[in-house]
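Subject: Structure for you, with notes

Hi,

Here is the structure I promised to send over.

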Amino acid sequence: MLQPQLGWVWLSQSERQAAEASLADAGPDGTRDELGFGVIHFAYADRFFPGTSVQHTSLRYVWFICWALQELAARSPGGLFSDTTFAEIEDRTGHKLLENYGHKDGTGIIGGRVLRKGGSPVSKPSGIYWSALRTWGLLAPLESTSAPPYRSDLNRHWDLLTRRDRPEVDASSERRAMFVNPPDMPTGWARKKGGLSFDLDLGKREDDKIRAGWSKLRDPEGNISLLSRLAERRQAAPAAITSPAVRKLCSSTEILKLTRADQAASLVCLARALYIAMVGDLKRADGSTVRSPDQMLASALGTHKAKALALDIDLLEREDVHALGGLKPLLMAVQNWVAREMSDYSNLQPTFLKREYALKDDRALLLNGSGDRRKPWEPFEPWPLTYRWEKVSGFLKELAPAA
């Protein structure tokens, strides 16, 4: 089974998107979609839920990063930024979370497996959440740029940001640190031991401060973001992004976009089902035993056919996704195949191969000569795009008052 292998320390916006695109294409079993549907994913996910990422696990990580930097500033004001010390604080935070949640998987602790083995994860929470901190307005703007700092700005401006004789860090200044009105550190934050929780401290308004940041987010039409409107419901997330409770919060323009997003998600699911079937056929031709795609295709068509056929691909490109590029011919070919109710999909394979080859060159699984690359591959259930809804649902649950 193909497994995405990702590792980074600090990501630029483009690098973060590339990393997320890999994870966004990963299904629940860790397999990869190989046809580059990330352009659709980002267009809708960034519009509806700005600052979120499929790499996120818990909202409280934004405050962990804030407190880690405040601790570092208190330890070494001025001078050079210490990546080593900052990494040690982040790793200590992870160990304290492990102390609270145990040493099992699935707890949301970033780098938990590496930490359990005594290592230091390459992917740090601050690298994963920095874009959220900037987008959600939790970072104070630099005086020199009037914009929130990038992670690399810490190295360049640490002296300016933390020296005690500078007004921006003076105790009497409203800008006490790099953050806008952050909550106070928990008692015992800097201790090496002591369990740490993902639960937001409502008494210190950790939840309200996140909502306040989200309330400043605007969509391209200048409206308060859907993310903020959902949070202001102060309830757990509706069952799906297309639920009536979500649509009730939307303008007529947003409802149209939500509808197209849902239709595109279904068409993508069918394209994935066809790709899986094609690779499976080639693997059988290589001499391997692979289950037939007939039932999988039938199930996907039964669920997604109507919505996939309803998508206006030209309108999708014109209004929402302006970089379809080589993906558009593939989408149109799939939609045409579905409309004709054909069982034979062999005529689609050249279109799929062209798209995959453009993205992967000689690593494309649909190439006749890729038998060795197909050996570890196994078929999997296709899935529609979700636009980070599962992450947003988790965030809304964290922000919802306890029952």
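Starting with the cysteines: searching the whole structure turns up 0 disulfides (a disulfide being a pair of cysteine sulfur atoms within 2.5 Å). Buried here means under 20% relative accessible area, exposed means over 50%, and partly exposed is in between (1.4 Å probe, protein chains only).

Before you read on, keep in mind that this is a predicted model, where local features need pLDDT of at least 70, side-chain atom pairs count only at pLDDT 80 or more, and totals for chains, interfaces and linings use all residues. Residues are numbered from 1 along each chain as its sequence is written, and side-chain values use heavy atoms, with hydrogens and water left out.

Now the charged pairs. I took a salt bridge as a side-chain nitrogen of Lys or Arg within 4 Å of a carboxyl oxygen of Asp or Glu, and that rule gives 29 salt bridges. Here are some of them:

- Asp153 and Arg156 pair up with their closest N and O atoms 2.5 Å apart. Both sit in helix α7 (residues 151–162), and because they are 3 residues apart, about one helical turn separates them. Asp153 is buried, at 7% relative accessibility, whereas Arg156 is exposed at 57%.
- Asp281 and Arg284 form a salt bridge at 2.3 Å between the closest N and O atoms. Being 3 residues apart in helix α11, they too are separated by about one helical turn. Asp281 is partly exposed, with a relative accessible area of 28%, and Arg284 is partly exposed at 29%.
- Asp320 and Arg260 meet through their side chains, at 2.7 Å from N to O. This pair ties together distant parts of the chain, 60 residues apart: Asp320 belongs to helix α13 (residues 313–320) and Arg260 to helix α11 (residues 252–285). Asp320 is buried at 11% relative accessibility, and Arg260 is buried at 9%.

There is also a network of salt bridges linking Arg205, Asp207, Asp208, Arg211, Glu232 and Arg234.

A word on the element names: helices (H or I, at least four residues) and strands (E, at least two) are DSSP runs, numbered from the N terminus.

Next, have a look at helix α4 (residues 83–101). The buried residues of α4 include Phe86, Ile89, Arg92, Leu97 and Leu98. What do the buried residues of α4 pack against? They pack against α3 (61–75), α5 (112–116) and α6 (125–135), with contact meaning heavy atoms within 4.5 Å. After α4 comes Gly102, with a positive phi near 90 degrees.

Last, the inside. A nonpolar core is a set of buried Ala, Val, Leu, Ile, Met, Phe, Trp, Tyr and Cys residues joined through side-chain atoms within 4.5 Å. The largest one has 102 residues, and Ile40, Leu69, Trp136, Trp214 and Phe352 touch the most other members. Helix α11 gives the most to this core, with 16 residues. If you click on Trp214, look for its contacts with Leu59, Trp136, Ser225, Leu227, Ser228, Ala231, Phe395 and Leu399, leaving aside residues up to four places away in sequence.

Cheers
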